[in-house]
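The chain and its coordinates come first.

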Amino acid sequence: PLMIRGVIDRLQASNIHWKNAEFSLLIPAKLSKINAMYFIRAEEGEKERLMQKIPELMLEKSHIRMPRHLRSMEQTLERSYRSETAMINTLILIMLLLLLITSLGIIGLVSFNINKRKKQIGTRRALGATRANILSYFMLENAMTTFIGTLLGACLTIALNIYLVHEYQVPPVSLLLLPVTILCLLILGQLAVLWPAIKAARLSPALATRTV
């Protein structure tokens, strides 16, 4: 029997892929095998100094103790989650590339619409529409399209998250992230359409309507 000195809220083993990683104990014991692991607690600010002194101290106590690996908890944490961190960084890069491709797609689509509607723009300018009117028209049109698209995407995200929570017990996505994401995508869409809309607003009535 062992006396329980305390209970830690969450104590993971260093191998996070082990099925019993969450069922860990810290037991003071002597092992009969040759290899052993030591868990050393240091006072704040003493960690770096002790990591240099520990190998010497262990060799002074016993010449058969040859420390092979000396890692801090931060290094152990980074090593344990290295593959997960690489996957997260890869997904972030993919998301940034998708945002860039989406922005370029918006720019190309708006530029195509502007080229098709030069006569309409010129007619509106000839009837008294200002550059600000043309600019606001394309900005509003793009905002409505982007909002509808992001709203549909948010609904699909909620449905997918409900499925993942039910099937794989993953934590649910915070509902606060959805309006923040929608707002960020709206801003991105408006920035992407800004330059083509400015070019449209600069079209002169004579140039746009000369083939009418």
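How many cavities of 30 Å³ or more does the structure hold? The structure holds 1. The model is predicted: local features need pLDDT of at least 70, side-chain atom pairs count only at pLDDT 80 or more, and totals for chains, interfaces and linings use all residues. Residues are numbered from 1 along each chain as its sequence is written, and side-chain values use heavy atoms, with hydrogens and water left out.

On a 1 Å grid over the protein atoms alone, a cavity is a set of points where a 1.4 Å probe fits but cannot get out, while a pocket is an open set with protein on both sides within 12 Å along at least five of seven lines; lining residues have an atom within 4 Å of a point. Grid points are joined across faces, edges and corners, and a volume is the space filled by probe spheres set on the points.

The largest cavity is lined by R117, Q120, I121, R124, I134, Y137 and F138. The elements α4 and α5 each give two or more residues to this lining; helices are DSSP runs (H or I, at least four residues), numbered from the N terminus.

In it, Ala, Val, Leu, Ile, Met, Phe, Trp, Tyr, Cys and Pro count as nonpolar, Asp, Glu, Lys and Arg as charged, and the others, Gly among them, as polar.

| Space | Volume | Lining by class |
|---|---|---|
| Largest cavity | about 40 Å³ | 4 nonpolar, 1 polar, 2 charged residues |
| Second largest pocket | about 640 Å³ | 14 nonpolar, 7 polar, no charged residues |

The second largest pocket has 21 lining residues, with M95, L99, T150, T181 and L185 nearest its centre. Helices α3, α5 and α6 each supply at least two lining residues, and α6 gives the most, with 8 residues.

Helix α3 runs over residues 82–116 and has 35 residues. From first C-alpha to last, α3 reaches 51 Å, close to the expected 51 Å (1.5 Å times one less than the number of residues). S103, I106, V110 and I114 of α3 are buried (under 20% relative accessible area; exposed is over 50%, partly exposed in between; 1.4 Å probe, protein chains only). Their cover includes α4 (118–126), α5 (131–168) and α6 (177–201).

The count of disulfides (pairs of cysteine sulfur atoms within 2.5 Å) is 0. C155 is in none, its nearest cysteine sulfur being that of C184, 18 Å away. That separation is too far for a bond. C155 counts as partly exposed because its relative accessibility is 48%; C184, at 47%, is also partly exposed.

Notes:
Contact = heavy atoms within 4.5 Å.
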